[in-house]
Amino acid sequence: MTMPLPTAPSHATGRPPPVAILLATYQGERFLAAQLDSIAAQSCRDWRLVVSDDGSTDTTREILRRFAAAHPDRDIELRDGPRQGATRNFLSLLDAVAPGEAVAWCDQDDLWLPNRLARGLARPAAAPGGGGGAALPGMGAAHLPQPEAEEVRAAAEMMLPDDAQDGGPWSGDRPVRAPYPDPDPDPDGAQSAGRLLAQGGWVDGAGSGNPPPRAACPGTRPGRTQPHPSWHDAQAGSAQARAPTAPYAGPQPPAILHVARTTICDVDLRPIRAAPLYARPPGFRNALVQSCTPGNTMLIDPAGAALLRQGRDHAVAAGVVAHDWWSYLLIAGAGGLVIRDPAQTVLYRQHGGNTVGRNDTLPAMLARLTRLGSGDFGEWLRRNIRALAGVKSLLTPENAALLERFARNLDASGPSAAAELARMGVYRQTRLGSAALLAAAAAGRLAGRTAMGAGSRHMAIAGHIRQGASDA
């Protein structure tokens with residue numbers, strides 16, 4: 001008999017916080033209904049859904065309208081997006097988050113397993129420093145052991161399309177192996193989607209204390225009883241403005257970012273392989289040079305959500321390229337606890353319209369290495385630096401100093417530049433990736449594509465960081 005996993009308390013009430021699910025949509029009619037159904041099937045019931053639609057001309061809004069009508073007890077809000085791309089659309093949703101709410105980013109074409117939210121709320125309490133414990137300054141990282149498998153057959157029945165159940169083909173690719181044993185591994189890589197979900201532990205990661213599908217997570221409150229806003233009111237969105245988060249003023253509870261893994265699937269949700277399980281710990285030194293925390297699996301606690309709200313305008317002004325990378329950077333930089341959970345809680349659908357596709361194939365890895373040397377990557381780093389510079393006061397002193405040191409070194413080239421990055425301890429998750437980063441630095445390929453000369457660019461970035469404290 002397994003013992004229940006402790007539930008992560010909110011600091012104010014001792015029970016899990018409500019969750020604001022932030023869904024960005026654009027021309028999503030093909031897959032959106034399945035994703036919405038998977039949200040409705042979450043075992044944790046204390047959530048509300050905020051959608052920002054970026055100008056869809058297909059039936060996306062009609063699908064949302066039907067979903068809202070089918071769930072009249074739910075708080076479901078539709079907003080008009082900024083129409084400036086997916087990242088800006090996601091960032092705009094932070095305006096809707098109320099103090100005390102956790103945040104779950106949501107993509108329109110995935111499919112959530114029933115424990116996606118429950119696991120994100122429960123796991124922080126099981127991690128070192130979870131449930132309000134202090135995180136290590138500058139590290140803010142925790143690894144969780146692979147959980148014990150348990151049955152989730154209802155998930156397979158409820159979540160998979162009819163043609164993807166037990167008869168569905170498996171790609172034959174061997175799964176990426178974890179550094180610790182997975183329960184009931186499939187040595188031949190030939191399990192069907194239905195069996196993988198039914199067995200639970202390997203694909204779903206359901207484990208001791210994970211609530212069974214269809215059950216409410218411990219401490220959850222029932223769904224809100226007020227009717228969802230009328231479609232007109234929800235579309236106006238901004239009329240229901242949330243109270244702004246108070247400015248940072250002294251010690252606050254440490255932020256917690258829980259991130260799990262995805263199951264990479266084909267367009268029909270037939271599993272291909274597990275997303276990589278990286279061996280190196282998460283932390284600010286990694287976040288400076290790599291986005292390796294999938295936003296579609298993130299659960300950010302209320303303290304982390306408050307950080308994101310405070311930094312959002314600076315992220316928009318800087319033009320950060322990825323909302324999830326920026327979330328990782330800011331929370332890790334502020335000394336938050338970053339929990340990498342090996343469980344797979346999201347079916348990640350691969351299709352031609354993905355903004356960011358899978359990154360575990362050889363072409364994808366080669367493309368990443370090419371970007372490291374193209375100048376694009378250096379420009380992305382600069383945007384992140386500018387975003388963090390505006391909220392420098394939120395970072396730990398160690399990480400604020402590290403950010404300035406990183407910016408100073410970004411325009412240098414030659415062996416001394418690579419050696420300085422190595423001394424700083426920045427790293428990517430694989431040895432090849434770290435080696436490619438140092439090689440790009442040595443060749444001056446991290447200088448970005450800006451038209452400024454190297455000297456003036458360095459002075460501008462370093463100066464912006466030094467001014468950041470007064471901007472927060």
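**A predicted chain and its nonpolar cores**

Among the 60 residues of the largest nonpolar core, those touching the most other members are Leu22, Trp105, Leu288, Trp326 and Phe406. A nonpolar core here is a set of buried Ala, Val, Leu, Ile, Met, Phe, Trp, Tyr and Cys residues joined through side-chain atoms within 4.5 Å. Buried means under 20% relative accessible area, exposed means over 50%, and partly exposed lies in between, with a 1.4 Å probe and protein chains only. The most to this core comes from helix H10 (residues 323-333), which gives 7 residues. Apart from it lies another core, of 26 residues, including Val19, Leu23, Leu32 and Leu121.

This is a predicted model, in which local features need pLDDT of at least 70 and side-chain atom pairs count only at pLDDT 80 or more, while totals for chains, interfaces and linings use all residues. Residues are numbered from 1 along each chain as its sequence is written, and side-chain values use heavy atoms, with hydrogens and water left out.

Leaving aside neighbours within four places in sequence, Phe406 is in contact (heavy atoms within 4.5 Å) with Leu288, Val289, Leu381, Ile385, Leu421, Met424 and Val426.

The protein chain as a whole has 16 helices and 10 strands. These are DSSP runs numbered from the N terminus: helices are H or I with at least four residues, strands are E with at least two. Of its 472 residues, 56% count as buried. Among contacts in the protein chain with a separation of 6 or more, 84% are between residues 24 or more positions apart.

Helix H2 (residues 60-70) has a buried side made of Thr60, Arg61, Ile63, Leu64, Phe67 and Ala68. Seen down the axis of H2, these residues fall within an arc of 155°, so they line one face of the helix; the arc is that of the directions from the helix axis to the C-beta atoms. The face turned away from the buried side of H2 carries the exposed residues Ala69 and Ala70.

The average pLDDT, the predictor's confidence in each residue from 0 to 100, is 72 for the protein chain, and 59% of the residues score at least 70. Over residues 1-12 pLDDT stays under 50, and the model has 34 contacts beyond four places in sequence for them. Residues 129-250 also stay under 50, with 297 such contacts in the model. Where pLDDT is low, the predicted coordinates should not be read in detail.
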